[in-house]
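Here is a friendly walk through a protein model, for anyone meeting it without any background. Have a look at the structure first, then read on.

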Amino acid sequence: MTDTAVYLYAVTNARDPVAGAVAGVSGSRVRVAEHSGLTAVVSTVPLAEFGERALRENLEDLAWLEAIARAHDAVVRTVAGRGPTAPVRLATVFHDDRRVRELLEERRGGIERALSRVAGRSEWGVKVYGTALTGSPANDQASLSPPAAVPEGAFSPAQRPGPGVAYLRRRSAQRRRREDATQALAGRAERVHARLAPHAIASHRHRLQDRRLSGHDGVMVLNAAYLIEDPHAFTEAAADLAARWDDMRVEVTGPWPAYSFTTIDGEERA
């Protein structure tokens, strides 16, 4: 039994996908394992760091996870720059090269179809944030602040609402404004997707991210990936949408390797 395992980054049919020195996760040397015309891009990693128990602990360590994600993405980008590439999910580890080649054999049909689908194309991401009422805690707080004094004579003593009733009315009005604003933003997000999707070969809508994870102000209303053949037309359409609303931000990123359209999930853990 060895004290190492094999980390899998991606599968490609490109020739020499990692020609030259490429550093992998934890500084490991990236190499290839070939089978039936497919090339798995891998590196040898220590079980002390990537064994099942160690991985469970390390995946809770955000600093470790960020370093691994950056190294993983750097390798995938290098490979994608040389030809059609199917990225593998982060931290996919096998016992040895034999198990990697068995994966290539078992999934060969699906991998070949995925590589054919992404050839000459790239992934672009679009995130849309609402920056108006729903995204401003300051506005929320302001709306709960004590009201301006009610003019004398505006209410008879019997009509004048008590402090508790006034507070509940403000809360109710605030909730209605938030619901209306959220509904309006959701409608615009649908219009953005409907405008961009025809420019894509395929699209995928990811789960919306909490603002603490996305690191942006405002409320995320669209988190989508598009598989693009003509980036010019796509980015032009996105720029037009971004300029349309003052209270909504359209963030476009790319080109990326086709993470959202070719991912191969290896189930094995070393």
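Predicted model: local features only at pLDDT ≥ 70, side-chain atom pairs only at ≥ 80, totals over all residues.

A residue is called buried if its relative accessible area is under 20%, exposed if over 50%, and partly exposed in between (1.4 Å probe, protein chains only).

Residues are numbered from 1 along each chain as its sequence is written, and side-chain values use heavy atoms, with hydrogens and water left out.

**Sheets and helices**

Helices (H or I, at least four residues) and strands (E, at least two) are DSSP runs, numbered from the N terminus. Two strands pair if DSSP finds at least two bridges between them. Four strands make an open antiparallel sheet, in the order S2-S3-S1-S4. At its edges sit S2 (30-35) and S4 (85-94), each pairing on one side only. From one strand to the next, the twist averages 30°. Inside the sheet, S1 (residues 4-12) and S3 (residues 38-46) run antiparallel and are joined by eight bridges; Thr12 has Thr39 in S3 as its bridge partner.

Helix H4 (residues 97-106) lies across S1, S2, S3 and S4, at about 50° to S2. Angles here run from 0 to 180 degrees between N-to-C directions, with axes as lines fitted to C-alpha atoms, for helices over the stretch in contact. Contact means heavy atoms within 4.5 Å.

Further along comes strand S5 (residues 122-130), with eight of its nine residues buried. S5 pairs antiparallel with S7 (residues 219-228) over nine bridges, and Lys127 stands opposite Asn223 in S7. S5 also pairs antiparallel with S8 (residues 248-256), over seven bridges; there Glu123 stands opposite Trp256.

**Rings**

Rings of Phe, Tyr and Trp (its six-membered ring) pair if their centres lie within 6.5 Å; planes under 30 degrees apart count as stacked, over 60 as edge-to-face and the rest as tilted. The whole structure has five aromatic pairs. One of them is Phe50 with Trp64, a tilted pair at 5.6 Å centre to centre and 50° between the planes. Phe50 lies in helix H1 (residues 47-50) and Trp64 in helix H3 (residues 62-80), so the pair ties together parts 14 residues apart in sequence. Both Phe50 and Trp64 are buried. Tyr226 and Phe234 form a tilted pair too, at 5.3 Å centre to centre and 50° between the planes. Tyr7, Tyr9, Phe50 and Trp64 make up one aromatic cluster.

**Charges**

A salt bridge is a side-chain nitrogen of Lys or Arg within 4 Å of a carboxyl oxygen of Asp or Glu. The search finds 12 of them in the whole structure, including these:

| Pair | N to O distance |
|---|---|
| Arg98 and Glu102 | 2.6 Å |
| Glu105 and Arg108 | 3.6 Å |
| Arg205 and Glu190 | 2.9 Å |

Arg98 and Glu102 are four residues apart in helix H4, so about one helical turn separates them. Together with Arg99, Arg98 and Glu102 are linked in a network of salt bridges.

What does His193 touch, leaving aside its neighbours within four places in sequence? Its contacts are Pro198, Ser203, Arg205, Leu222 and Tyr226. His193 sits in helix H7 (residues 163-196) and counts as buried because its relative accessibility is 14%.
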